[in-house]
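Please look over the sequence and the model shown here. The report below goes through some of its parts in plain terms.

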Amino acid sequence: MTVHILGGGISGLSAAFYLCKKIPPNTISIWEASKRTGGWIQTHKTDTGILFEQAARTLRPRSETGTNTLNLIEELQLIGEIRPIYSSSPAAKNRLIYVNGKLHTLPSSLLGLFRTQSPFSKPLIVNFINEHKQPIKKVVDESIYDFMNRRFGSEVADYLMSPLICGICAGNSKEISVNFLATQLFQYEQNYGSITRGLLHNIFSSKKNVHKSALLDRVKSEKWSVYSFKNGLETLPSTLENVISSHGVEINLNTKCDKVEFFGKEVIIHNQHTSVKSKHLFSTLLSEIFALLISDQHPKLSVLLKQIQSVDVAVVNLHFKGNLIKNPAFGLLVPPQENLPILGIIFDSCCFSQKNDTVLTVMMGGYWFKRNFENFKTDEEFFDVALAHVKKILKIDEEPLEYKVNILKNCIPQYTVGHRETVNKIKDYVESSNLPLSLCGMSYDGVGVNDVILSAKKSVESFLQKNS
Ligand SMILES: Cc1cc2nc3c(=O)[nH]c(=O)nc-3n(C[C@H](O)[C@H](O)[C@H](O)COP(=O)(O)OP(=O)(O)OC[C@H]3O[C@@H](n4cnc5c(N)ncnc54)[C@H](O)[C@@H]3O)c2cc1C
């Protein structure tokens, strides 16, 4: 009997790839609601040959999740397609924030910590020195804003952490869980009394990196910061699709699952045309979408899944003639207290040069989407807001040669305080009910491409272990 995967984004394709190695590929079937695979990863080539990324654009090569993706890239023989950004490049070193109508460069070196750099009122090293004197607060979880405010003071919470959370998950740092998105910092305080003590302990007891990859050696020696592919990030899902389908995995496009029912060791998945029996189901859908598919049969599980809510983001890609960026950087972020309708601007052409022109991406909305854009009806309205802010902040007078607007509905889950506990309850429910179900993807184990690939791999390993 077949194993089914719901969703043909990078999670679903990766799950199929890892499954393919251990079970006959022709017993694996993907159901994908849209007309293409890749999910949020989509690279659009414009009429003038410029690459616009719809959502994800760069990958981090370090850590367990990063190394796992490097291994996958090696297996897919994609090394020749990689485009790294080296640590020495301005796109790796310079990160800007827009505060009080001005751009400020965040400190990027040890030396920078010893200087007073606006908008901070004193050198950041002072916050670090004071941090270890702050009392420990024993908690299970709290917001990342409250945690940083407690440990480092309000300037670090406002100007470093809050914009960073906008950049990572388009979220409000006053609601996002520290025990999920900054687990290590949180554990340093809980286990060693302060972050600085935890960091020192980590340096002195630091174990060798156990994660191995031949490509990782190159990453280290060439000092990569982040990377993408020559033809954009979509190279990764499209290569995965080619590989798994050439092995015999069935990929059903335009096939939206409407309902899922479990009967003993089997699961039945339904869409408007057909109902199919399956031995095991991998859902890579957002938890709040999957919640609707099982709500009749498992209302309690559905309620838990609905607790992980996601936000909408408007993405506006812009292409201008010539190099108009005066201050090369990865991009800029806008702290929420500035009350602007944009989250930030990515300087794509500083990361990867494109014909010596300027390519920018404006991200808007996220947690504040409804507040700012509830009455917006057309793409032009989003374009106007994006362009007005680009002109004002980057002092650009030119009109773009071309642009693209994408409104990404429910695209980034919010890991609010208590997220880890919610995920544990969901996994406990599935386990104790013996459901032939694995849950992976963005809602559970992390927002980045690296996270969801590893989440898919671990789900497959756990399924194979239970069924061996
Ligand atoms: C604006 C933005 C910027 C980002 N930037 C980065 C970045 O720079 N680096 C990074 O690492 N990550 C980034 N991410 C995160 C990254 O894009 C995601 O982690 C990743 O794409 C998630 O892949 P997925 O397969 O889990 O989900 P998805 O891509 O959402 O795939 C799920 C698939 O399921 C399908 N589906 C939905 N409902 C059904 C149904 N009922 N039946 C069948 N199929 C269904 C959908 O059509 C979709 O194809 C960004 C995300 C966003 C939104």
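The text that follows covers the domains, one interface, the ligand site and some local features.

The model is predicted, with local features needing pLDDT of at least 70, side-chain atom pairs counting only at pLDDT 80 or more, and totals for chains, interfaces and linings using all residues. Residues are numbered from 1 along each chain as its sequence is written, and side-chain values use heavy atoms, with hydrogens and water left out.

**Domains**

The protein chain is split into domain 1 (3-82 + 230-308 + 416-466), domain 2 (120-204) and domain 3 (310-413). These bounds come from an automatic or database domain assignment. Taken over C-alpha atoms, the centres of domain 1 and domain 3 are 28 Å apart. To the contact between these two, domain 1 brings 20 residues and domain 3 brings 24 residues, where contact means heavy atoms within 4.5 Å.

**The interface of domain 1 and domain 3**

About 1800 Å² is buried between domain 1 and domain 3, and 63% of this is on carbon and sulfur atoms. Buried area is the accessible area (1.4 Å probe) that two parts lose on being put together, summed over both. On the side of domain 1, Ile50, Phe52 and Arg57 supply 34% of the area buried against domain 3, more than any other three residues.

A salt bridge is a side-chain nitrogen of Lys or Arg within 4 Å of a carboxyl oxygen of Asp or Glu. Side chains of opposite charge can pair when their charged atoms come close. Across this interface the rule finds one salt bridge. Eight residue pairs, both at pLDDT 80 or more, are in polar contact between domain 1 and domain 3. A polar contact is a pair of N or O atoms within 3.5 Å; within protein, one must be able to donate a hydrogen and the other to accept it, and residues adjacent in sequence count only if both atoms are side-chain atoms.

Strand β4 (51-53) and helix α19 (442-445) each give at least two residues to the side of domain 1 that touches domain 3. The most comes from β4, with three residues. Helices (H or I, at least four residues) and strands (E, at least two) are DSSP runs, numbered from the N terminus.

**Salt bridges in the model**

The count by the rule comes to 18 salt bridges.

| Pair | Closest N and O atoms |
|---|---|
| Lys21 and Glu75 | 2.6 Å |

**Ligand site**

Around the ligand there are 30 residues, of which Ser11, Glu32, Thr58, Val447 and Val449 come nearest. A residue counts as near if one of its heavy atoms lies within 4 Å. A side-chain N or O atom of Glu32 is 2.7 Å from an oxygen atom of the ligand. A polar backbone atom of Thr58 is 2.9 Å from a ligand nitrogen atom. For Val449, a backbone N or O atom lies 2.9 Å from an oxygen atom of the ligand.

**Local backbone features**

The peptide bond from Ser118 to Pro119 is cis, with omega near 10 degrees. Pro119 is in the loop between α4 (110-113) and α5 (124-131). Ser63, in helix α2 (residues 63-75), has phi near 70 degrees, a positive value in a residue other than glycine.
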